[in-house]
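Hi everyone, thanks for coming.

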Amino acid sequence: DTGEDGIDVRSTNNAQIKNNTIENVDEHGIRVEGSNDVLVQLNTIGKGTLGSVGAGIDGINVLGGRKVVIDQNVIQGGTGTAGAGRDGIHVEDNREAVITNNTIKASGLLSAGAIHDGIYVDNSGAIIGGGFDAILGQVRDGVIVTGNKILSSGLALGAGHDGIFVK
């Protein structure tokens with residue numbers, strides 16, 4: 001239990017965030033900002049039991065940096081709660097993001113893996129092209145989102161809005 005982020009990594013290169021269990025945090029379960037070559041793997045956010053909240057905002061939040069790999073994490077809500085209060089995985093402005101084999105799920109009646117999007121990706125991928133667009137980072141390509149599961153059942157939602165949203 002924390003008042004802010006469960007794990008907060010900023011301006012750090014070659015970090016590995018692995019094998020952690022996070023629950024009942026007010027903001028992000030795992031937050032990575034302005035960091036390069038980061039591995040976020042095999043973490044569990046939310047226990048999936050009665051009254052167990054994972055993260056108040058995003059389960060995993062990445063802002064900026066380069067080459068984040070988010071792999072084999074579980075974000076789950078328990079009965080009457082959510083694993084993430086906004087997005088299960090939220091990645092913005094990260095060059096060459098790879099998001100694979102994660103599970104975002106509801107684990108009880110009236111629960112949600114994520115209240116909004118299961119996975120939300122904006123302006124992430126390798127910069128392509130040249131000239132003015134490359135300098136401003138306006139043209140991106142190559143974000144990889146594969147093998148992820150957004151699971152719902154009955155009155156429980158994997159995600160309240162889009163399962164996976166990439167723009």
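**Strands side by side**

When I say strand, I mean a DSSP run of E with at least two residues, while a helix is a run of H or I with at least four, and both are numbered from the N terminus. Two strands pair if DSSP finds at least two bridges between them.

Before going further, a word on where this comes from. The model is predicted, so local features need pLDDT of at least 70 and side-chain atom pairs count only at pLDDT 80 or more, while totals for chains, interfaces and linings use all residues. Residues are numbered from 1 along each chain as its sequence is written, and side-chain values use heavy atoms, leaving out hydrogens and water.

Back to S4. This strand also pairs with strand S7 (residues 60-63), again in the parallel sense and over 4 bridges. Here Glu33 has Leu63 in S7 as its bridge partner.

How many helices and strands does the protein chain have? There are 1 helix and 21 strands. Of its 167 residues, 44% count as buried, and buried means under 20% relative accessible area, with exposed over 50% and partly exposed in between (1.4 Å probe, protein chains only).

Now for an open sheet. Its 5 strands come in the order S3-S6-S9-S13-S19, with parallel pairing. Strand S3 (21-22) and S19 stand at the edges with a single partner strand each, so one side of each has no neighbour in the sheet. Inside that order, strand S6 (residues 44-45) and S9 pair over 2 bridges in the parallel sense, and Thr44 stands opposite Val74 in S9.

S9 covers residues 74-77 and also holds Gln76. Is Gln76 buried or exposed? Gln76 is buried, because its relative accessible area is 10%. Its side chain reaches the backbone oxygen of Gly46 at 3.1 Å; that is a polar contact, a pair of N or O atoms within 3.5 Å, where within protein one must be able to donate a hydrogen and the other to accept it, and residues adjacent in sequence count only if both atoms are side-chain atoms.

**Two asparagines in loops**

Next, please find Asn101, in the loop between strand S12 (98-100) and strand S13 (103-106). Asn101 is partly exposed because its relative accessible area is 42%. Its side chain makes a polar contact of 3.3 Å with the side chain of Asp71.

The second one is Asn148, in the loop between strand S18 (144-146) and strand S19 (149-151). Asn148 counts as buried because its relative accessibility is 15%. A polar atom of the Asn148 side chain lies 3.3 Å from the backbone nitrogen of Asn101. Beyond its neighbours within four places in sequence, Asn148 is in contact (heavy atoms within 4.5 Å) with residues including Ile99, Thr100 and Ile119.

**One last stop**

Finally, look at Leu155, in the loop between S19 and strand S20 (157-159). Leu155 is exposed because its relative accessible area is 60%.
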